[in-house]
Amino acid sequence: MTKEMLKGNVAIAEAAVRAGLNAYFGYPITPQTELLEYLSARMPELGRAFVQAESELGAVNMVYGAACTGARVLSSSSSPGISLMMEGISYIYGTEIPVVLVDVMRGGPGLGNIAPAQADYNQIVHGGGHGDMHPIVLAPANVQEAIDITYNAFDLAEKYRTIVVILADGSLGQIMEPAELPEMKPLLMRQPDWATYGAEGRPKRFLSSINIDPAKHEIFNIRMEQRWQKIIANEIRFKEYYLDDAKYAVVAFGTSGRIALSAVRSARAKGIPVGLFRPVSLAPFPEQALYELSKRLEGLLVVEMNNGQMLEDVIKITRHQTPIDFYARTGGIVPMPEEIEAAILRMVEEPVNTTEHPRDRWLARLSQELIGGS
Amino acid sequence: MQTEIIIAGFGGQGVLFAGQVLAYAAMDQGMHVTWIPSYGPEMRGGTANCTVVISDEEIGSPIVSRPTVVVAMNKPSLDKYENMVKTGGVFIVNQSMVDREVERKDIHSVMVPANEIAEEIGDKRMTNMVMLGALLANLNILPVDAVEKALKDHLPVKHHKLLPANRQALEKGSSFIAAPVS
Amino acid sequence: MVQAALEEQIVYSRPESFTAVQTHYCPGCTHGTAHRLVAEVIDEMEIREKTVGVASVGCSVFAYNYFNMDFVQAPHGRAPAMATGVKRVLPDRFVFTYQGDGDLASIGMGEIVAAAARGENITVIFINNANYGMTGGQMAPTTLPGQQTSSSPNGRDVEVMGFPIRTAELLSTLDGASYVVRRSLHDPKNIRMAKKAIRMAFETQKQGLGFSMVELLSVCPTNWGMTPYQANQWVQSAMVPYYPLNDFKVHPALANFRV
């Protein structure tokens, strides 16, 4: 296979096609629109289903219906559009339907802007719908990783009959990089033993997330939580860079992870023993690996493009044993490598204790820099 | 070894395409490369820029605040990027679109009358390729041949009639540096 | 004297498309009638094994328990979108939604209009009983002017609460809609006409003509505070004048089809 220059959004779309995508339903929203545009030509060309829905509500429920037949189905959106899909996401989870969603995050809250951000962390990793659910959340940091994750996402969703969310951001959606696309899988019309595609020669089936009897629903919830334990055991993924001799580490995912890599290299060139821990599966989160790592470190720097969402998880995971510092830009501002490098230097030169909340220090500093005064 | 290049100008000057051609050429040479546009409301009619990072190892950040090289296609880009170019870096300015010289002395700056050169070739749309040619002559990471080949390999076939003009523009831009006019 | 054995003649039975369970519907409710008509049509067309139904949210949320065919159940108002998803990956199956007026004409107005405009090749059975049944009789988009409900206790004041929506008329203006009619379930004659219309709607889908919908005026004796008899009379006297029983859109290709 040779490498092609591929834009993130298009690469994800084509990887899904090659994974045997039967149908795509979506609604235009920047910065994921190229994904929809690409599939609007590609899917009909292959005789597969494509519908530009009337809204994200429409899109997610078309996904729901199509996936109930056993088909491989994808939708994509960006932050506020994903918020609008939450009802459907909860129903899909509650019906145990395998579905793959792509969230190309943008600056918020509100209408915000179309620049890259990572503020959907909580709404996806800790949320999805109105609670008591766990989508599998995977955060690629470059185009090749986005392709590989997308290509395998359908198998993963079907293995656990659950939702897989590919959590990208505007930067990954828009970037072009050389990458290799996998081979085209044959298109199948799957008929799994739970799917509703017409009860020909078998008893009828129905698919619903309703459980009017709370006792039954509690059992469902416990069963799904047991399944989640299996997912934790099998599906954790992360990348480590320069950690063998590290005394410090940056923890960052997706785009902020790859930007942090530049900062880490630059700091190492100045003699600072720092590495990078980049979670790829945000749910399940690589808790054990991070905990073990943190035990031998003198400091951790969490870097995100939000107000400190993964930060809370890292604090919880490291159990207040390791000093944690925090650096972030939000609202669509992307941190530059130099800013992260400066934060690494600060972590080393002005060690913090474990009692103060890292967000407080960050907020004080950024307030001073951006707004001024007290 | 890593080189960061920002190409900036008005929307419609072909800055995004020039960056893509450069990225294709780097990819064909087996290098790691990223191309990322600025995008947004400024997409239509306003300023546009793209960042190309070329490296011999896995690229971390695709965006930079201190680029090695900047190609400024217009006055706003000259003003915006002059202070961002890394010390010792290269700043290539489209002389046709600006009314001042580069002030910094710690960078290598080159003024190219790219509009005039493109008009000489007979196609004003070639301004971006003239500037790219000038960039290549000052950068020493990719030969002009590699970019010409990238154009041929990656330009959609329906645009292949423009290949000779593109090639001419690249070469004129490149050789302009070798024989500067005063 | 030896008589010849009496020949048994079955004149009435449960359609195969129905399951043998008791429904949860209130006495006198016409949901059961509407269900049965749909089941009979599906039996007559011999498409039970090729049909996927989409239940909605409202009193008919459990419809999947009563129909003997594959069923999915949509979030409130989203049945046309879900049906679109099923139909687009399985275009040779018959897909129908079964929705009430709160579901279809209030929270789901976006989805139904978009599905009709796309000419989505699905059939919609729309139950209009002028109130929200499941939640206890609140005002619906179809509640008549002046009609008392649990959330319009002094009657629907159109100055404050706006006007009812004539959904069939509205959807019939869309080019993608091929068969849009209104019928009523308040007496045997109208029930027979309703069944014919449901057959026409499924026929529309069979011929690939696009969106089809039958709006059915229905009773809700419990929430209306009436006996079933009074309720059926109220449909005749109050609802039919506001919601005329009519063919609002019939695709020319259906002209020669006779049920």
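In which sense do strands β11 and β12 of chain A pair, and over how many bridges? Select residues 248–251 and 274–279 of chain A: these two strands pair in the parallel sense, over 4 bridges. (Strands are DSSP runs of E, at least two residues; helices are runs of H or I, at least four residues; both are numbered from the N terminus. Two strands pair if DSSP finds at least two bridges between them.)

Before going on, a word on what you have open: this is a predicted model, where local features need pLDDT of at least 70, side-chain atom pairs count only at pLDDT 80 or more, and totals for chains, interfaces and linings use all residues. Residues are numbered from 1 along each chain as its sequence is written, while chains are lettered from A and ligands numbered from 1 in the order in which they are written.

**Stop 1: a sheet in chain A**

Stay with that pair and pick out A249(A), which stands opposite G275(A) in β12(A). Now widen the selection to the open sheet of 5 strands, in the order β10-β12-β11-β14-β15, with mixed pairing. β10 (238–241) and β15 (324–328) each have a single partner strand, so one side of each is left without a neighbour in the sheet. (Axes are lines fitted to C-alpha atoms, for helices over the stretch in contact; angles run from 0 to 180 degrees between N-to-C directions. Residues are in contact if their C-beta atoms, placed from the backbone, lie within 7 Å.)

**Stop 2: the two domains of chain A**

Color domain 1 (4–234) and domain 2 (238–370) of chain A; such bounds come from an automatic or database domain assignment. Their centres, taken over C-alpha atoms, are 29 Å apart. The contact takes 28 residues from domain 1 and 22 residues from domain 2.

**Stop 3: where chains A and C meet**

Of the 2 pairs of chains in contact, A and C share the most contacts. Chains B and C do not touch, and their nearest C-alpha atoms are 29 Å apart. Show the 28 residues of chain C that are in contact with 34 residues of chain A. On the chain C side, the largest share, 8 residues, comes from α3(C).

Next, zoom in on F206(A), whose bridge partner in β2(C) is F71(C). Their strands, β9(A) and β2(C), pair in the parallel sense over 2 bridges.

**Stop 4: a sheet built from two chains**

That pairing is part of an open sheet of 8 strands, ordered β9(A)-β2(C)-β1(C)-β3(C)-β4(C)-β6(C)-β5(C)-β7(C). The edge strands are β9 of chain A and β7 (247–250) of chain C. Select β3 (94–100) and β4 (123–128) of chain C: they run parallel, joined by 5 bridges. Q99(C) has F126(C) as its bridge partner in β4(C). Helix α1 (31–45) of chain C lies across β1, β4 and β6 of chain C, at about 160 degrees to β4(C).

**Last stop: the core**

Click I125(C); among the residues that it touches are A34(C), F96(C) and V214(C). I125(C) is also one of the residues with the most contacts inside the largest nonpolar core, which has 254 residues. (Such a core is a set of buried Ala, Val, Leu, Ile, Met, Phe, Trp, Tyr and Cys residues joined through C-beta atoms within 7 Å; buried means that 20 or more other C-beta atoms lie within 10 Å of a residue's own.) Helix α1 (15–28) of chain B gives the largest share of this core, 10 residues.

Technical notes: Buried ≥ 20, exposed ≤ 12 C-beta atoms within 10 Å, placed from the backbone. Lists of a residue's contacts leave out its neighbours within four places in sequence.
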